[in-house]
Amino acid sequence: MAVSSKRAPALKGTIIAPGDKSISHRALIFGAMAEGETVVTGLLEGADIMSTADAMRALGASITKKGARWHVIGCGESGLQTPKGDVDCGNAGTGVRLIMGAAAGYALTARFIGDASLSVRPMGRVLDPLSEMGISYTSEPGGRLPVTLSSNGKLTPLDYTPPHASAQVKSAILLAGVSTAGTTTVTEPTLSRDHTENMLKAFGVDVKVKKAGAGQKVSLTGPITLKATNVDVPGDPSSAAFAIIAALTVPGSDIIIENVMMNPTRTGLFETLTEMGAYLRTDNFRTSGGEIIADIHVKHSKLHGVTVPPERAPSMIDEYPILAIAAAHAAGTTTMRGIAEMRVKESDRISATVALLENNGVRTTEFEDGFSVTGGPVAGGGMVVTHHDHRIAMSALILGLNADAPISIDNSAMIATSFPTFFDVMASLGAPINGLNA
Ligand code: S3P
């Protein structure tokens, strides 16, 4: 359904960040590989995670919800199994890439499919290294889904240096390495989110991490059967970002967001906003599921443009569309480059973000590897084409909260992939976001 947002009064209140999407995928995938029962609390119940749950059931795990807890009974020693039908990963890039890596280590054949957006995203980045380890596959041209992956379960360990920092690629190879005899190593040029390394340790794997320049070398020696453990999923900084930028840009706002994961491989946005002059105060540090979490107090702030260092990209790769909304309200120009990866996310997020802003009277410049935004009053009034991308949809609605005319989006259903409670959470802060037909 089409939805619009309009100029908001000061946003006030306390909200809780929804469960982290990256950690939720991993909890279900690792639990499905493990021996025994993994109990997950705080799981993000977004559509992407439900796709991963269905995929892991298809590969042999039992996944059920009892009360607020998710119970995963893994395949353990018997390993993931050849599924009866297709493994449908929906819209989830993280889901499909990690699951292909996990499945690669077992003797099975599986056909992976996804929705229209996932079906145009590149899978060669995991299929190529997995082929070096010994899988075979057929795919649509360019390594696109549907992909049929076959493995004899006897892979060769790999020492791999991906061309750019990607937690999805790193994770897929390490998960294949778990079931492979010998030592599998991934050397990252820049550190990407480290949830796989951290969580594999909690599942009993001796993961070795060594610093290597600005990046790291991660290795593990298989075969190992993961041991079930309990996972308490911390709040998602990438989802918290939408409420944070709303409060920073709507005059008079003063909000608290509780339960936000502060893992340094995920907090590049907070660093950038602080450089832009944002009032962001973190408090009440504690741990949840092995990660540091905190509450963030945010007040409306006078922002100024900055140049975001390209090396910060891996720690905020999903946050550039919403950072662009902050930049639209900042004095001067904000330049974001070295982020060509954004072109192969749920949509081409560089061109989608630029179009979103231009449609609503914000000045931008597009580069092959990024874009810049010059701040000022936002005219609004545009109908934003979301390309079925949840982060583009939410970013557009946040821009509408401080624009001269309401901003509409063509579709809002896909917001449920990562932030199913977005509308309720924003309404609780007083944000006027409404269905056009409501
Ligand atoms: C993710 C890694 C990132 C990110 C994605 C989640 C993960 O992708 O964009 O939303 O959970 O590993 P890349 O690894 O391709 O950068």
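Analyst: This is a predicted model. A strand here is a DSSP run of at least two residues, numbered from the N terminus. Asn259 is found in strand E15, residues 254–261.

User: Why is Asn259 called buried?

Analyst: Buried means under 20% relative accessible area. Asn259 has 18%, so Asn259 is buried.

User: Which other residue has a positive phi, and what is its value?

Analyst: His387, with phi near 55°. This residue is also other than glycine. His387 sits in the loop between strand E22 (383–384) and helix H11 (390–399).

User: Why is His387 called partly exposed?

Analyst: Buried is under 20% and exposed is over 50%, with partly exposed in between. The relative accessible area of His387 is 43%, so His387 is partly exposed.

User: Now the prolines. What is the omega of the cis peptide bond from Leu145 to Pro146?

Analyst: Omega is near -5° for that cis bond. Pro146 lies in strand E9, residues 144–152.

User: Which residue does a cis peptide bond join to Pro223?

Analyst: Gly222, with omega about -5°.

User: Where is Pro223 placed?

Analyst: In a loop. That loop runs between strand E13 (215–222) and strand E14 (231–232).

Definitions and conventions
Residues are numbered from 1 along each chain as its sequence is written. This is a predicted model: local features need pLDDT of at least 70, side-chain atom pairs count only at pLDDT 80 or more; totals for chains, interfaces and linings use all residues. Side-chain values use heavy atoms; hydrogens and water are left out. Helices (H or I, at least four residues) and strands (E, at least two) are DSSP runs, numbered from the N terminus. Buried means under 20% relative accessible area, exposed over 50%, partly exposed in between (1.4 Å probe, protein chains only).
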